[in-house]
Amino acid sequence: MIEQLLFYTFAILTCGGAVAVVATQNVVRMAFWLVVSLGSVAALFFLLHADFLGAAQLLIYVGGTVVLLVFGVMLTASGPYTTIKTAPAEGIIGAAVGLMLLMVLVSSIGSVDWGAISGRLPSSPQSPFTADSIREAHADEAIVNSGSTKVKTDLAAIQQQGRTVRQLGLSFLGLRPDRNLKEGGANGLAPGYFLPFEIVSVHLLVVLIGAAYLARAKRRAVSEDRVSLD
Amino acid sequence: MGDVGLNAYLMVGAVLFVCGVVCMATKRNGIGVLMGVELVLNGANVNFVAFSRYTSLGLDGQTIALFVIVLAAAEAAVALAIALNFYNNHLTIDVDRGNELQG
Amino acid sequence: MANGSLTHTFSDGIMPETGDILMFLLTVAWLLPLAGFVVEVYWLCFSHRLNKGAAYVAVACIGIGFLCSLTALLYWGNATKWAALSEPEHHAHSASHDAGHAEAGHGEAGHEHEAHAVDADEHSHSPPPAPAKKYFSGTYYELARFSGLRVSLDWYIDSLTLVMFTMVTFIATCIHIFAIGYMHDELTEEYEDHEVHLHNGGHFSRPGRFHRFFAYLSLFSFSMLGIVLSGNIFQVFIFWELVGLSSYLLIGFYIERKSASTAANKAFIMNRVGDFGFLIGMMILWTSFGTFQFGDRTEGDHTQAGLFTMVRGQDGKLDVSEDGKEVYLQDAYGHRAERNGKPLSISYMLLVAAGLGVFAGSIGKSAQFPLQTWLPDAMEGPTPVSALVHSATMVAAGVYLAARFYPVFTPEVLLGIAYIGCITLFIAATIALVVTDIKRVLAYSTISQLGYMMLAIGVAGWGAALFHLVTHAFFKSLMFLCSGSVIAGCHHVQDMSRMGGLRHKMKITAYTMLVGVIAIAGLAIPGTSIGLSGFYSKDAIVASALAYSELNPGHILLFIAPLVTAGITSFYMFRLWFLTFAGTPRDAHVYEHCHENPSVMTTPLLVLAVLAAGCAWGGEGGPLYRLIADSELVPATARVASTGAAKVILPSHQGHESDVHHVHSTAGMLALISAIIGMTLAYLLYVKKTIDPNQIRQQFSGVYDFLVDKWRFDSLYDAMFVAPVHIVSAWCVSFDKGVLDPILHSAASLTVLTSKWDRAFDETFVDGLVNLVGTVTYNVGNSLKVIQTGRLRQYVMWIAVGVIVLFGALFTTIPK
Amino acid sequence: MSPETLLTCIVFLPAVWAIPLVLFDAKAKEAMRYWGVLGTALTFALTLQLLMQFDSNKSGMQFKFDTPWIANWNVFFSLGVDGISLPLVVLTGFVCLLSMLASWSIEKNFKGYLMLFLILETGMMGVFLSLDFFLFYVFWEVMLLPMYFLIGIWGGPRREYAAIKFFLYTLAGSVLMLIAMLMFYFNSDRSFDLLELARIAGGTSAGKSHVYGMSMQVAAFIMLFIGFAIKLPSFPFHTWLPDAHVEAPTPISMILAGVLLKMGGYGIIRIAFPLCPYGAQYAAYFLAALGVFSIIYGAFAAMAQTDFKRLVAYSSVSHMGYVLLGIAVWKIVDGKTVGREYWEMGLNAAMFQMIAHGISSTGMFFMVGVLYDRVHHRDINKFGGIAQLMPHYAGLAAVIFFAGLGLPGLCGFVGEVFSVLACWNFSPLLAIVAASGVILTAGYILWTMQRVYLGPEYKGPHPEALVEMNSRELAIGYTLVATAILFGVLPHLLFDPMHGSIQALTQSLASSYETLYGAIHTSQLP
């Protein structure tokens, strides 16, 4: 119950924050509402047993990105609270399109039978995602490969408790304790994320350098007065 | 022990996504547009994590969400740099002023 | 050097190497002029031209050649103990002696000799009695060999060869010496030719051509001797052409004169017309017989029969099949030749064709009807050339060939030869009546005399023909040299109507000429049978003709024509002499500047005059005739009746019982009377002037014009051959230009047209399509440009709208 | 020298020799001339070396060797020489050397000229030496292109027309040849080997006993024949020749007449006859008649010309007719060859005529070229009196022209007369018509000589330019004259090496035909 309650609370906060971001004209306030919304998303992550992700969301988004945005606002704003108004017609059109898009998405979500897509999904939506059910699902496999059954059970338990840091770290190193590699065979997903991780790392580095390069103070060749100022 | 189920999370993600899109479409302020982008990305992230929890996606959903967060941070950094450049060039952050892409 | 076989019959103590020695001597005589030619050409190119070196070389070459030939003749006579000169009866007896063949291998230095001994009775396979072979032959070298066929350069020596060699080299020597004097004015760097007019009206002047003249003469001597020495018909053809070339060069000696070069061309081309026939004859012989060889050839222990043996066998008779359509070939052993068990034979008609073909060559070379027109024009050459080439030797080569080839001729061919000769002698003699150019009179007389020889061959007077050939060579070359002497003395005046009375100033020339005239006219002291050479030889011919026409009454014309022509000959020859030397001068200018020539020119005249008078001494019992007649391969002791299409009988002419002998005195008398009438007429017309020749000319103006136009042969040939050839050749060119090329061009232009269409199609249709697509795309893009505002937010909106529309479409179209 | 090296050197030396020309300065004409002369002289020396090493007593291929070239298609780089190709190879070397010596008057872009010239020589040598049909074809084309440019660039006023005409004619021929080649390729074991193909045609192949069908033989023969007859050239494919000759510069005319035309005859003897004996025999009478017609037609056409070079070109048509005639006199009665030795004689005569024409025609074009170099026109009617102005030249020219006329003692005589003599056995009618050619030939040559060389004075333009030949020209002239006399007097020098090969050829063809004839009559073939 408490979980549902928490979910609704944070869901409302998330959605409301997002709508407020859209509705607010002042940039600084938009940033505030954005923080509210993103923070609530982090809470939702916790609810989904993605603890590390929730933490990362808070750290990176709320602590990093939004601060960055605020810096941006500061650097670009002519005045401290400047607003660039949107025409009301545009707002209406935007709202209408947004609503329609929302309807499309909602109807899409509603029209998909998620249980049929996922083999692990319980037949009844009410059925909780438990270690038992996992155990049942893997019973036949456990008989064949009894040595690894215990490990798998442990993993499922760990996952349910949201302690996924270790698993994520291992997956970034290319190790997937949560997967039976024989099961997926050639069609299964890639076993680890070592290479993407490295790419993303380098990418991040490059982007930071690039961003620094782009954002550095430049002299403008075309404008004589700016040259004299510099 | 109650569970809100997958659909509820997906709804939240959808709302976030739509808000992000509308934000991008309506804000004339460049920073506002960036915020819209963040919202869209978060909408997607919510979905990923929800799928990780409720479907066979498992740990992969969380991993990809993590990547998204990281890339979003990178994107924000670059986007801000672009916004600054834009501001340097146009002396404003109004994206309607930047219509060089007009065919 | 020579590798081959010898065949001879002279058993009594004859030396085996006789053939080799004769061959060696004659080869030297033959090749020396060639060496001379090479040396002279070298000098011509690289030396000072104003000396007489070339002349001396040429004279030395031909002179040594004469000595060699004479030596060879004497050697041959000694080796055979002059058997040929003995009485014909005895000779005939010896000839009919059993001829076996002894194989006496004299294997020295690779030479293989085979002796067909007369008395070789001890041999088991004695062939039927046959006249012995009286020749030596062998091979110099092979030109080509095709499996069984071979073509080689051979030599063939019998008494005829020796006589011809001696005669040719002797006359050539005399003429060479004469030419030193005659061509003397060519020894200059600036020779002015008064007959050539340049465009600017000036006279043509050029360096002298003394060397060149003697080089050509040497080349000619070489070629002529080559014909005589040839051991096969192909080789004869080779030298046949080479004398043609020498003749061409010598006729066209004055290359700057259009008339000379045209005459040279005419001579060469007309000879080629004859050679065309010659070539056909050769093809037939080659294909039917597989050999060109005259004599037999022995290799190892096998003797390959030559042409004569194949046709005539050992007994001199044709081996004709029952139906008269095939002639069987015979091998060297007196049997029918076989190949693969089948007897070899040649169709009778083909043999006739071959004979006529070869005779066509003679027609061309000896200027017989219908190819006689080139010889008078050939007088454009210097006079020594006319004397040597166009009277004594080359033109006589045609007669020589016909005589040499006599064994292959069937009676039908002989009849043809006789008629050709008959027509020629009459036509030429008539034209000679009206010609005033001194050399042309002699030229026509030459044609006429050659006609006599041909006639003689045709009526089986083989010996008579060659007898006349030799005597004619002497007196005609004498007369030509005399005319040359006159021309040189009168500074190149040739027209008799401007001469007269020259005997006072040119005594030697005049009287040596008279000897020649009497000789050719055939005059003799009536009743004694003592006369100059021409008398005997003409006598022999007329006798043969009479015997023939008695046996074949249908062909009486063959006797009448020579008889009448004997009178005509006498008339025009005396006319020539009277006009030139007798009477009073008609052109004072010519007469005044006229002079006798130096001894270098008169000495040959005297020598030749002696021979012209006496060479035929003894007539048909004399040495010359017997030497010649010794070579006859076809026995003439009995009549021969033709088996072919023409029913003729050939008279016998050997021995006291022969047909010819019976009529000899009658014929001699008639010919003499005819000649005396001709001489008397000439005397009356041109010396006594009892009758005015001009009146006769006016009365018979039609005939006169016809004769002056040389029976209009030239214009006839122009119309019949020359003009059509030019028309056809123009047609050929226009065919190329008008048919073949246009076909090509139209094909090309069709291709070009097609490619133009192709291009048009490409440019309008294919390109148009592509351009259309491009244009449409451009226009659509251009119109869609409006949408691209460059406004970021709008794009986002569009994306959203797009997604909505897309999903809407999906939801509405895809059923659940 | 080993056979591989020798033959390969003969073929490729000229082309390789052309490469260093790149380094020469374009103005160093003299140096390039001597370089070119040296190259052709070396090639000629190599051909002489080949002649020395050649064994006249053998009839088969000598110095034969092959290495795979395009192994997938069974194409070999296969060279060899026998009595038929040897004289032509030597002739090629000889004529190329003389033409190179005659190239002094070329001024325009001399370097390019030399390179094309040398490549052309390689092509010609390759054609005569290759024993692989594909290789033969390649060399055939290699030779075509340089010729096109040599005429098209260095030619006279209508050079483009002439060059394209030449090119199209030859190309049309080689397309037909290509088709025939592929016919043989696919009807055998995928072989291009000429000797093997000939063995198959003769039924003496060691492998599978293929025998080409009759209709295929006839079709292939016709195509091959047209291809080669264009080159020969025979009526009615001859019209490219006068134009090409008239427009080509003198040395190229010499090569064209001296060597290129021989390829037609060589191709017929080497390829068309051995590969399709039945087709050859089928068309023999037609071939001989065409040859005879070419003789007469060429002579007539020559008579009407006023352009000196055109006249000589038509005389080539006439003379090459004897080649065709000599090749074709194959008489068959009831499947048996009759008078094989006469056919052998005809083939020998054809070969001899090719060589003799190579000498006399080269000489004639050279003589025309000497005059053209001086007075720059070729109108026969405007000449006259050359013998007075240039006696030395006129003497040499007279010998050469008499060689063309077929005078005994000079090279032209033997080939002409022997082929005509060999013809009577085949067909008396054709023989008579062919023999009449001697009159026409004498007619046009003498008439021309009269108009050009004889007479009192020169009537055309530039009389002052008519000076005697210089020593280089004299050397060429004397060499040609000496060769003409040599082969005229001693024809066995030429017959000896050819004799064995030609005898073997006629024997094998005769027996092939007999086999085939037997097969036809027992209905083993369609």
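What percentage of the 230 residues in chain A is buried? The answer is 26%. Buried here means that 20 or more other C-beta atoms lie within 10 Å of a residue's own, with C-beta atoms placed from the backbone; 12 or fewer counts as exposed, and anything in between as partly exposed.

A word on the model. It is predicted: local features need pLDDT of at least 70, side-chain atom pairs count only at pLDDT 80 or more, and totals for chains, interfaces and linings use all residues. Residues are numbered from 1 along each chain as its sequence is written, while chains are lettered from A and ligands numbered from 1 in the order in which they are written.

Chain A to begin with. Its secondary structure comes to twelve helices and zero strands. Helices (H or I, at least four residues) and strands (E, at least two) are DSSP runs, numbered from the N terminus. Two residues are in contact if their C-beta atoms, placed from the backbone, lie within 7 Å. Take the contacts in chain A between residues at least 6 apart in sequence: 43% of them join residues at least 24 apart.

Now confidence. pLDDT is the predictor's confidence in each residue, from 0 to 100. Chain A has a mean of 72, and 63% of its residues reach 70 or more. Where pLDDT is low, the predicted coordinates should not be read in detail.

Next, the interfaces. Between chains A and B, the contact takes 75 residues from chain A and 68 residues from chain B. On chain A's side, H3(A) gives the largest share, 13 residues. That side divides into 50 nonpolar, 20 polar and five charged residues. For these classes, Ala, Val, Leu, Ile, Met, Phe, Trp, Tyr, Cys and Pro count as nonpolar, Asp, Glu, Lys and Arg as charged, and the others, Gly among them, as polar.

Chain C touches chain A too: six residues from chain C, five residues from chain A. Chain C's side is six nonpolar, no polar and no charged.

Last stop, chain D. Why is helix H9 (residues 240-247) of chain D largely enclosed by the rest of the structure? Because eight of its eight residues are buried. Among them are D:Trp240 and D:Glu247. The buried residues of H9(D) pack against helices H5 (133-154), H6 (159-187), H10 (250-275) and H12 (308-328) of chain D.
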